[in-house]
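I opened the notebook to record what I looked up about the contact between two chains.

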Amino acid sequence: MAQPRELRRRIKSVDNTRQITKTMEMVATSKLKRARDRVVAARPYAAALAEIIRDLHDPTLVERFPLLRRVDGNIRRAAVVGITSNRGLAGAFNANLIKETSARVRAFEREGAEVELHMIGKKGVGYFKYLGRTMATAHQDISDRPSMDDAIRVIDPLVRRFEAAELDAVDIVFAKFVSALSTPATSLRVLPVQVETADGTDGGGGTAPNYILRPSAEEIVGVVLPLYVRNTMYRCLVETAASEQGARRTAMKNATDNAGDMLDTLRRTYNRARQAQITQEISEIVGGAAALE
Amino acid sequence: MHVTVIAPEGAVFEGDADSVVAPAFDGEVGILPRHAPFMTLLGEGRLTVRQGQTGHAYRVKGGLLQVVRDNVRIVTEHAEAEE
């Protein structure tokens with residue numbers, strides 16, 4: 001059986017770890033709350049843009065707007081934007097995102113496309129650097145409170161190149177914020193813009209009110225589409241930031257619980273060892289006294 | 001009529017109003033209740049939402065204004081409250 005002194009040291013060390021993970025859990029919980037508020041606050045804007053595009057959409061627009069252009073046949077050049085976090089200790093959060101990003105890249109490559117990789121977040125950048133994969137861009141300076149400007153910085157160059165027909169498709173891989181406990185890595189086709197029509201098909205909605213449009217439907221769509229793309233990028237960043245905090249909270253809660261279980265076992269072993277030592281000492285004293293008589 | 005001013009980071013204003021004056025791309029437009037369905041691009045300038053004696057002013061840049069069934073929506077990337 002282990003020495004009581006040894007056990008005492010381990011108990012102390014596990015207890016310290018538990019305190020740290022517990023604190024990190026609480027930090028993540030409070031950050032999660034604010035990040036979730038930002039996700040919720042971003043929804044009306046996205047919904048408004050989507051509704052306007054839906055109202056103005058008609059199939060003939062596709063030919064006139066480069067952002068809606070869909071290539072016939074195979075995609076030749078594609079970009080994947082992978083979002084990861086800057087910090088670890090969030091369980092399998094970053095591993096899942098990296099796995100999904102790699103899967104997206106491979107799927108494009110199977111179609112025979114040339115894929116460029118744009119990574120966001122230290123974890124993803126570090127991983128692909130380690131693999132020796134070249135990244136077209138690597139953003140490591142986006143905080144856990146992403147702003148619209150961050151989104152614009154990432155997506156605008158891609159939008160311009162898509163318009164110039166240098167890219168045929170752009171996907172974003174991000175952690176969808178379903179709930180604090182469910183943050184699946186998800187990929188989303190951001191370019192060409194996917195228009196959701198009211199009846200689920202690609203035709204005009206038909207339910208749109210008869211708007212007075214100024215200057216014209218075309219010009220409005222021309223302005224709204226880029227806004228929509230930027231906003232999609234922004235939403236992906238915000239959702240991933242919230243998901244990260246959710247994943248970290250779960251991971252740290254598990255770590256705290258495990259440390260607690262470990263402490264229980266260690267304390268029990270320690271007490272048993274201490275008891276055994278006392279028993280032994282007593283029997284030695286009794287034995288010694290008996291020998292003197 | 002119901003008015004919402006929406007920016008990417010969240011709704012800036014939401015509530016009922018008697019009138020809205022917005023900087024359209026080619027000059028100011030005024031919206032009163034029961035306006036016909038309308039959509040216009042916005043330029044840069046001052047957006048005023050008036051309800052009775054009180055009013056709110058915002059600096060907006062770009063985006064658009066939509067009126068449908070007495071709901072006015074101003075969707076813009078930049079909207080800052082003005083004194």
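What follows are my notes on the interface, then on single residues.

**Conventions.** I worked with a predicted model, in which local features need pLDDT of at least 70 and side-chain atom pairs count only at pLDDT 80 or more, whereas totals for chains, interfaces and linings use all residues. Residues are numbered from 1 along each chain as its sequence is written, chains are lettered from A and ligands numbered from 1 in the order in which they are written, and side-chain values use heavy atoms, with hydrogens and water left out.

**Interface extent.** I looked up contacts, meaning heavy atoms within 4.5 Å, and found 25 residues of chain B in contact with 28 residues of chain A. For buried area (the accessible area, with a 1.4 Å probe, that two parts lose on being put together, summed over both) I noted about 2100 Å² between chain B and chain A, with 67% of it on carbon and sulfur atoms. On the chain B side, B:Met39, B:Leu41 and B:Glu77 lose the most area to chain A, and together they account for 29% of what that side buries.

Taking a salt bridge as a side-chain nitrogen of Lys or Arg within 4 Å of a carboxyl oxygen of Asp or Glu, I found 3 of them across the interface of chain B and chain A. One salt bridge joins the side chains of B:Asp26 and A:Arg214, at 2.6 Å from N to O. The side of chain B that touches chain A divides into 15 nonpolar residues, 5 polar and 5 charged, where Ala, Val, Leu, Ile, Met, Phe, Trp, Tyr, Cys and Pro count as nonpolar, Asp, Glu, Lys and Arg as charged, and the others, Gly among them, as polar.

**Strand pairing.** Strands here are DSSP runs (E, at least two residues), numbered from the N terminus, and two of them pair if DSSP finds at least two bridges between them. I saw that 3 bridges join strand β6 (residues 212–214) of chain A to β5(B), and that these strands run parallel. Within β5(B), B:Met39 is the bridge partner of A:Leu213.

Conventions
Helices (H or I, at least four residues) and strands (E, at least two) are DSSP runs, numbered from the N terminus.
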